[in-house]
Amino acid sequence: MFERLTKDARAVIEGAVEQARSGGARTVDAEHVLLALLDSEGGRASFALSALGLGESRDAVREAVGEARRRAGLTRAEADALAGLGIDVGEIVARVEEAHGVGAMTGDAGSPGRWSGGRPRFGRGAKDVLERALRVALGRGERSVGGEHLLLALTVLPGVAGEVLADFGVTFEEVTRVCPPAHSARSAEK
C-alpha cells in the first residue's frame, strides 16, 4: 500500500505521525491525518481545503478536534445518543478532568498513563483512512494515492474527522467538485 502513496500523501502520513507524537498519543488516529492535512501545502488536498474555505478556519477545526478528543473521541452524534439514554458525556468529562486533570480522557500528553517512547502505532481509524483512500483512488481510475484521496476518505468514514469536516462544509461531493479525478482534468484540458 505505501508504495502507492504519492510524495504528498507520504508527507501527510509523516505529519500525522508527528501530530500523534507531539501530542503524546499512543496511536495515530484519523484525527491526526486531518490535522496533518491542514498543515500540508502545495498538494491537491491543500488546494481543495483552501478552495472550500478551510484555510481561514484551521484554528476552529483544530479546536473542534480537540474538543472531541476531550470527549474520548466520541462524536457529537454518539454523545447525543448517550444523552438519550440519560448519560451526560459532558458531566462525565468534567468529573474525570476534575479528578485527573484537563484532557485526561484524550490519551495524549499529560494524561494518566501517557505513552512515551518510539513511534506511535497506527490505530484502526488511521488504517481505515489508508484503506478507504486506496479504494477512492482506484474508484476514480487513479493508480497512486494522493493527499486528496486521504481527504476524500476522511469525508466518508464515520468518526470525529468526518464530522468536523462536514461541519465546515467539506464533504465528499464538495472535495470532488473542486478536485476532480486527475484523468478528468486531463480530458477537460484537451
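A nonpolar core is here a set of buried Ala, Val, Leu, Ile, Met, Phe, Trp, Tyr and Cys residues joined through side-chain atoms within 4.5 Å, where buried means under 20% relative accessible area, exposed over 50% and partly exposed in between (1.4 Å probe, protein chains only). The model is predicted, with local features requiring pLDDT of at least 70 and side-chain atom pairs pLDDT 80 or more, while totals for chains, interfaces and linings use all residues. Residues are numbered from 1 along each chain as its sequence is written, and side-chain values use heavy atoms, without hydrogens and water.

The largest nonpolar core has 46 residues, of which Leu37, Leu150, Leu151 and Leu154 touch the most other members. The greatest contribution to this core, 7 residues, comes from H2, helices being DSSP runs (H or I, at least four residues) numbered from the N terminus. Beyond its neighbours within four places in sequence, leucine 151 is in contact (heavy atoms within 4.5 Å) with Leu37, Ala45, Ala48, Leu49, Leu165, Val170 and Val175.

In helix H3, which spans residues 44-51, the residues Ala45, Ser46, Ala48 and Leu49 are buried. These residues lie on the same side of H3, because the arc that they cover around the axis is only 160 degrees, as given by the directions from the helix axis to the C-beta atoms. The buried residues of H3 pack against helix H2 (30-39), helix H8 (147-156) and helix H10 (172-178). After H3 comes glycine 53, with a positive phi near 85 degrees.

Elsewhere, isoleucine 92 belongs to helix H6 (residues 89-100) and, at 38% relative accessibility, counts as partly exposed.

Notes:
Helices (H or I, at least four residues) and strands (E, at least two) are DSSP runs, numbered from the N terminus.
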